[in-house]
Amino acid sequence: MTLNATPEYKKANEKYLAAKTDEERLVYLDEMIRLCPKHKSSENMLANLKTRYRKLQEKILKVKKMAKAYSKAGIKKEEMQCVIIGFTNSGKSSLLNELTNVNTKAAESSFAKFTTKKPIIGMMPYSGTQVQIIENPAPDSEDYDKGLTNSADTILLLINSLDEINKLKSYIEKASGKKIIIYNKSDLLNTNEKRKLEATLKSKKYNFVIISSKTHEGLNELKDKIFSSFSKIRVFTKEPGKLRSEKPIILQQDSTVYNVAEKIFHGFSKQVKEAFVTGPSSKFPYQKVGLKHNLKDLDTIEFRTK
Ligand SMILES: Nc1nc2c(ncn2[C@@H]2O[C@H](COP(=O)(O)OP(=O)(O)OP(=O)(O)O)[C@@H](O)[C@H]2O)c(=O)[nH]1
Ligand SMILES: [Mg+2]
């Protein structure tokens, strides 16, 4: 160190040496560069500091990128996946905590910003099935994961005011999934405001729900909307003389008896001799149907094999 370095510089240097993270080191390096005497004899030192700064900055960026790639790679897409997108403080983490098995950190105050810094995955149980729900960090932050939104089956647009719908649109241009608009924090509205809000959303023909993660208003309606957005049906199977299966099979909406048979007999559907359906698609309980019979959500099907 040059002899004529100022006490401020020396202090910054001490802090730099004592720093525990690269981010802190970068801050103090920046201070050192600013405080470094700017004359001929310290030219080398300044150049040195600047190189060190640049290298450290590159290292930090690299680590960040790797973390991002890793978090992306770590997300296994489930059969039914939706992503919550919304600006900071809109209540994404609070909603995720209400709907799923996770307990992630929500902001402690309504003034906090960008609390969630990486995608958080939760599983929502829905009558015997599991729906994957992911909180994407705020879209106007560098932690936002575009790919995640673009590949999701359903996008949950979480808003606190109507103008946020248009603002969010630019982030979901390439997203092909179904969209549900969720107006959160309804507990902060009075009856009149709520009525007006509902009328506006209806007039725009949006698929929407008004909710409050705080009072739980609208959460059941939201769960139903999420499930129906996947255009899937739940079909229970039943062995002769036994109770129906606890967990349903998830199928595309226009599935037939044949599709269920293929799924449970793994390509041996020819073994099926007879099939009986009870539920929304049957005219009466235990109706005998053919392989081409179209199933509906919550049907129960019983097979007789040869
Ligand atoms: N009154 C009210 N406050 C809510 C509701 N949902 C969330 N909040 C509050 O809003 C603030 C932000 O909630 P978060 O869930 O952390 O929001 P976020 O969208 O995850 O925020 P970031 O992770 O920063 O993008 C917190 O103070 C919550 O307590 C609600 O339904 N009603
Ligand atoms: Mg959050």
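A: Donors are N, O and S atoms within 2.8 Å of the metal (3.2 Å for Na, K and Ca); water is not among the atoms, so sites may look incomplete. The model is predicted: local features need pLDDT of at least 70, side-chain atom pairs need 80 or more, and totals for chains, interfaces and linings use all residues. Residues count from 1 along each chain as written, chains are lettered from A and ligands numbered from 1 as written, and side-chain values use heavy atoms, without hydrogens or water.

Start with the magnesium ion (ligand 2). Its donors are spaced S-x22-T-x18-E along the chain. They are Ser 93 (OG), Thr 116 (OG1) and Glu 135 (OE), at 2.1 to 2.3 Å from the ion. Ser 93 sits in helix H4 (residues 92–99), and Glu 135 sits in strand S3 (residues 129–135), 42 residues apart. Helices (H or I, at least four residues) and strands (E, at least two) are DSSP runs, numbered from the N terminus. Both Ser 93 and Glu 135 are buried, meaning under 20% relative accessible area; exposed is over 50%, and partly exposed lies between (1.4 Å probe, protein chains only).

Now the rings. There are 4 aromatic pairs. Rings of Phe, Tyr and Trp (its six-membered ring) pair if their centres lie within 6.5 Å; planes under 30 degrees apart are stacked, over 60 edge-to-face, the rest tilted. Tyr 126 and Phe 227 are stacked, because their centres lie 5.0 Å apart and their planes meet at 15°. Tyr 126 is in strand S2 (residues 120–126) and Phe 227 in helix H8 (residues 219–229), so the pair ties together parts 101 residues apart. Tyr 126 is buried at 11% relative accessibility, and Phe 227 is buried at 3%.
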